[in-house]
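Look at the model first, then read the points below.

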Amino acid sequence: MNTGLVWDEWYMWHDPGSAAAFLPAGGPIQPGTHVENAEPKRRLHNLLEYSGLTESLQAIDPRPATREELLRFHTSEYVDRIKAQSEESGGDAGDLTPFGPDSYEIARLAAGGVIEATDAVLDGTVDNAYALVRPPGHHAEADTGRGFCLFGNIAIAAMHAQAERNVDRIAVVDFDVHHGNGTQKAFWDDSTVLPISLHQAGFYPPGEGTVDEVGEGDGRGYNLNIPLPPGSGVGAYETAFERVVLPALDEFEPDLIYLAAGVDSGAIDPLGRMMLHSDGYQTLTGLLQDAADEHCDGRMVAVHEGGYSSAYAPFSGLAIIEELLGETSDVEDPFLPIFEGLGYQELQPHQEAVINDVVENLEIALRNS
Ligand code: ZN
């Protein structure tokens, strides 16, 4: 495959400041490096270089999203506030989303990078693409930043694809360990965009991402949440794909698929409590690419979201990109023998019970749609 890669050095300069994990300085525990720092993403980029895969990838230059593009999703008050604070010394975009100087411009470059990846795929310049952008986007809502996300990168790009590129139906599959609340809210009453979020149940945002959140109005039946129990491994994710994600895509017949590629559902992620590994990510990406081949001439745009282990996130990202490219590098994941052997990697009954609930819900949703 001809796979595009969006990357810009400036993405790494977004600065959420110091924190104890994600708790801002000023609390009862000594702050250190914020958990959403540049290192895991930079090391993924480094690993692409080291593996030699960079030469096989087609560079896609990002551009800043325009104000008009941001306003398809965000309110003008929110965009103005982030711009003003960014031009000063920074601020907080909302819930757990601190940022420093220039972050408005860097976040515009992230959203614009996903737009450029989308256009390249739609133009046929590339078959598919990976947008290695930062800050992430899937938690950002119309009028507030949340969970380290300033602008809704995928939501903004999907709205661009529909408004400017005559794309009708778009699916967004999100396997980041956290719920894709921003994407869900962006298309809550919309039957033309189907967000499907697989995430650790009851994590972030607290209380959101439950099975019964299926959309409203025209969008009823066009939002799927698969809140998996903590400790879920490859078996649970593969089963969820086979029994929910792929049948939903078959029914929906998307013209374009986004993958919200959070690798914080991997083993040893400091925030997530799931057990995916590079082989698991490769399998899930392959299943999704097969669905894209079947429904939309392979048009898929993967967009980097979370992933906080600077030692392991790079191997997960590499596996996803290898699968998109259909080419394997000589780099073997040195952690894989340990993570494959973690107990209970296979589907467990309490995980299957959750998936069964969603299957039932999927059937109701499809009947109502
Ligand atoms: Zn996440």
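Buried means under 20% relative accessible area, exposed over 50%, and partly exposed in between, with a 1.4 Å probe and protein chains only. This is a predicted model: local features need pLDDT of at least 70, side-chain atom pairs count only at pLDDT 80 or more, and totals for chains, interfaces and linings use all residues. Residues are numbered from 1 along each chain as its sequence is written, and side-chain values use heavy atoms, with hydrogens and water left out.

- Asp176 is buried at 0% relative accessible area.
- His178 is also buried, at 6% relative accessibility.

**Helix H9**
- Helices (H or I, at least four residues) and strands (E, at least two) are DSSP runs, numbered from the N terminus.
- H9 covers residues 313–325, 13 residues in total.
- Its first and last C-alpha lie 18 Å apart, close to the 18 Å expected at 1.5 Å a residue. The expected span is 1.5 Å times one less than the number of residues.
- 12 of the 13 residues of H9 are buried, so the helix is largely enclosed by the rest of the structure.
- Among the buried residues are Phe315, Leu318, Ile321 and Glu322.
- Just after H9, Gly326 has a positive phi of about 70°.
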